[in-house]
Every structure is written in structure tokens, then in C-alpha cells.
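Please examine the sequence and the structure shown below. The briefing that follows is arranged by topic.

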Amino acid sequence: MKYEKSCGAVVFNGDTVLVVKHRAGHVDFPKGHVEENETEEETAIREVKEETNIDISIAGYRTTVHYSPTPGVEKEVVFFLANKIGGEIIPQLSEVIEVKWIPISEVEKTLTYQSAIELFKEIVRKKEEESEK
């Protein structure tokens, strides 16, 4: 069994969330593989910047998704709750075909995979809990 690890972020900008449409056609959150000697947070920040040109700050919450993208491969993806701190959208066209901010209310119907929808619901719950403190 081969093991892969990626990190990414669910990025908020006010009442909108950053999503990417990958070359394979699915809509998800920006993410990518961990590079040597890189922390999970560093990977998430770098991958969001590379794919979207958006600068983020990690808001602390961390969660994981596990799946098998192909037979014999187990993948763990670590996602963080994050906020936009700068930059304007410039898609990295070698990896994604579209990047956009969408209203929070439209995220669930925009995402391709159920695992991403469940991840988003979890992140929103955590964000709401934090704002109530």
C-alpha cells in the first residue's frame, strides 16, 4: 500500500469561500502534496498560494479526510480553517481551470464529492463555535 499526504485549506473571505475546479473536472478546496521538511500548515499556505494566488492565515482548526484515489493508494488530506489576508485570484492553470469565491450558502451544492461536503459542514460548525466564544 502506497501512502500519500496532502494539505489544504477551507478559506473564508467574509461570507464567501474559495473553491477550485481541478483539471479533472471536480470542484474542491485548494490542496496539494507535502514537500520535504514542510509542516502541514506550510503546505496548506503554499498550495493555496500556488493554485489561487490567495494569501491566507491558518485559523487553527485542523481536520483530516482519508480516501483511496486509486487501487493500492491510501491518501490522507489535512485541511485547515483559514482566512484570506491578501492577493487576488490568479489560477495556476497547469493544475486548476477555475478559482472563485462563492457564497457560503452555495458551497455544499457546488462541491463534487460528499467527503468535501461533510468536511465543509464540520469546518462551518467549528467556525460558528469559535465566533460564539
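How many bridges join strand 5 to strand 6, and do these strands run parallel or antiparallel? Strand 5 and strand 6 run antiparallel and are joined by 10 bridges. This is a predicted model, in which local features need pLDDT of at least 70 and side-chain atom pairs count only at pLDDT 80 or more, while totals for chains, interfaces and linings use all residues. Residues are numbered from 1 along each chain as its sequence is written, and side-chain values use heavy atoms, with hydrogens and water left out.

**Strand pairing**

- Helices (H or I, at least four residues) and strands (E, at least two) are DSSP runs, numbered from the N terminus.
- Two strands count as paired if DSSP finds at least two bridges between them.
- Strand 1 pairs with strand 6 in the parallel sense, over 11 bridges; G8 has F79 of strand 6 as its bridge partner.
- Opposite Y67 stands K75 of strand 6.
- The hairpin of strand 5 and strand 6 has 5 residues between the strands, and G72 in this hairpin takes a positive phi near 85°.

**Nonpolar cores**

- A nonpolar core is a set of buried Ala, Val, Leu, Ile, Met, Phe, Trp, Tyr and Cys residues joined through side-chain atoms within 4.5 Å.
- The largest such core has 20 residues, and V10, F12, F29, L111 and F120 have the most contacts inside it.
- Two or more residues of this core come from each of strand 1 (2-13), strand 2 (16-22), strand 5 (55-67), strand 6 (73-86) and helix 3 (114-132).
- Helix 3 gives the most to this core, namely 6 residues.
- Leaving aside residues up to four places away in sequence, V10 touches V17, F29, F80, L81, A82, L119, F120 and I123, a contact being heavy atoms within 4.5 Å.
- A second, separate core of 10 residues includes V20, V48, I54 and V96.

**Helix 1 and its end**

- The 13 residues of helix 1 should span 18 Å at 1.5 Å a residue, and the end C-alpha atoms are 18 Å apart, which agrees; the expected span is 1.5 Å times one less than the number of residues.
- The buried residues of helix 1 are E40, T43, A44, R46, E47, V48, E51 and T52.
- The cover over these buried residues includes strand 1, strand 2, strand 4, strand 5, strand 6 and strand 7 (96-103).
- N53 lies in the loop between helix 1 and strand 5; although not a glycine, N53 has a positive phi of about 70°.

- E38 is located in the loop between strand 4 (31-33) and helix 1 (40-52), and E38 counts as buried because its relative accessibility is 19%.
- The side chain of E38 reaches the backbone nitrogen of E35 at 3.0 Å, which meets the rule for a polar contact (N or O atoms within 3.5 Å; within protein, one must be able to donate a hydrogen and the other to accept it, and residues adjacent in sequence count only if both atoms are side-chain atoms).
- Not counting residues up to four places away in sequence, E38 touches H33, T43 and R46.
- N37 belongs to the loop between strand 4 and helix 1; N37 counts as exposed because its relative accessibility is 75%.
- The phi of N37 is positive, near 65°, in a residue other than glycine.

**Salt bridges**

- Side chains of opposite charge can pair when their charged atoms come close.
- A salt bridge is a side-chain nitrogen of Lys or Arg within 4 Å of a carboxyl oxygen of Asp or Glu; the count by this rule is 13.
- E38 and R46 form a salt bridge, with the closest N and O atoms 2.6 Å apart, and both residues are buried.
- A network of salt bridges links E35, E38, R46, E47 and E50.
- E4 forms a salt bridge with K2 (3.5 Å, N to O) and a salt bridge with K75 (4.0 Å, N to O).
- The pair of E4 in strand 1 and K75 in strand 6 links distant parts of the chain, 71 residues apart.
- E4 is buried, because its relative accessible area is 17%; K75 counts as buried at 9% relative accessibility.

Key:
Buried means under 20% relative accessible area, exposed over 50%, partly exposed in between (1.4 Å probe, protein chains only).
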